[in-house]
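I opened this model to look up a few local features, and I kept the notes in the order in which I went through them.

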Amino acid sequence: MEKKIQNFKDSFNKEIVDFSSWNTLEGIRIRYLGRKGRIADLFKQLSALPPEKRRAPGKSLNELKDYIQSRISQESNRFAVKKEKKLPLDTSLSGIRQHTGKIHPLTKIEDEIKDIFKRMGFAVATGPEVETEYYNFDALNFPKDHPARDMQDTYYISDGVLLRTHTSPVQIRVMESQSPPVRVIIPGRVYRNEAISARSYCLFHQVEGLYVDKGVTFGNLKGTLEAFAQALFGEGVRLRFRPSYFPFTEPSAEVDISCILCQGRGCRVCKRTGWLEILGAGMVDPAVFLAVGYDPEAISGFAFGLGVDRIAMLKLGIDDIRLFFGNDLRFLEQF
Ligand code: FA5
């Protein structure tokens, strides 16, 4: 019996020397100290001996059990320290992160645009998205059945009521509600029955601008838009005014900025022209002043309407407008 006990101690000592993981240490513990383990087995054999022969081996067996227990706990402490050294406790690890929403990229750019104009002294006004034909077209000098209405094909809600095709109707609402001088910007959502593509969508965003006072000139319009473009895109950006037609401005222009992606050299986004159209603008037509009761002989004004989505595409390097409306978090979380 004493011999067996010594053999067990030797084999235990050999095993404990080179265990490599918690699993093997636990395996050793179960093999020796478990309910059906080797020590339990030795105790069973011990109890089979006549009582007078149990004393000495009983003592040795108890000593072996104590020895094995203390060696295992020693080794498990040593192993824990070794593991800690390899993988020190990282108290900087964060807990479970709560998902906090983000500002939509279009809202971000719209806010930047608003801030620039606010710094120039423009107030912010808003108007309804469901609009009457009168404000969307008639008061803006679009004659009934005039082809200019086709450029902004819209969704009718009922006879004479439609989803607005631009933010310009709010010009009329603002001028009806106050006398000159007027200096406002009007951000908002607009709708058109469009052929959908990478650059055009049936829903998009505009920021309208309107400045009416004594002696406002086309030079003021150019200066304001240039200051805006440089504040948004940087000092180096240039503007190009192309003659155009809007029934509510005369003269009218479409305004391009030098492509900020290729610095005007020509690339895929600017269709190799070096220029990108971002807005329509012009001097307020006297017919519009008459519609709101202003005296076109006494005052003058400029107006512009810029496409927020196209500007956001340029600013953020996005090549498809549809991504803004896909509600895809993989896209939205990048901004
Ligand atoms: C207008 O909507 C005029 N109301 C702008 C204006 C205001 C002119 C005041 C004069 C005075 P236009 O249809 O060109 O104009 O649209 C203005 C801008 O909206 C465009 O330059 C473009 O940036 C953007 N835009 C037009 N259609 C779409 C579309 N389908 N998808 C995305 N952006 C568009």
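The entries below cover a sheet, a loop residue and a helix, all read from a predicted model.

Entry on the sheet. I looked up the strand order and found that 3 strands form an open sheet, arranged S2-S4-S3, with antiparallel pairing. At the edges I noted strand S2 (130-132) and strand S3 (156-158), each of which pairs on one side only. From one strand to the next, the twist averages 35°. I then went to the pairing of S3 with strand S4 (residues 161-163), which is antiparallel and runs over 2 bridges; here I found serine 158 standing opposite valine 161 in S4.

Entry on the loop residue. I next located aspartate 285, which lies in the loop between strand S9 (275-284) and helix H9 (286-292). Is aspartate 285 buried or exposed? I recorded a relative accessible area of 13% for aspartate 285, and because buried means under 20%, this residue counts as buried. Leaving aside residues up to four places away in sequence, I listed its contacts as Asn141, Pro247, Phe248, Thr249 and Glu250. I also checked phenylalanine 246, which is 39 residues from aspartate 285 in sequence, with 9.3 Å between the two C-alpha atoms.

Entry on the helix. For helix H3 (residues 38-47) I asked which residues are buried, and the list came out as Ile39, Leu42 and Leu46. Looking down the axis of H3, I found that these buried residues fall within an arc of 55°, so they line one face of the helix.

Note on methods. Residues are numbered from 1 along each chain as its sequence is written. This is a predicted model: local features need pLDDT of at least 70, side-chain atom pairs count only at pLDDT 80 or more; totals for chains, interfaces and linings use all residues. Side-chain values use heavy atoms; hydrogens and water are left out. Two strands pair if DSSP finds at least two bridges between them. Helices (H or I, at least four residues) and strands (E, at least two) are DSSP runs, numbered from the N terminus. Axes are lines fitted to C-alpha atoms, for helices over the stretch in contact, and angles run from 0 to 180 degrees between N-to-C directions. Buried means under 20% relative accessible area, exposed over 50%, partly exposed in between (1.4 Å probe, protein chains only). Contact means heavy atoms within 4.5 Å. The arc is that of the directions from the helix axis to the C-beta atoms.
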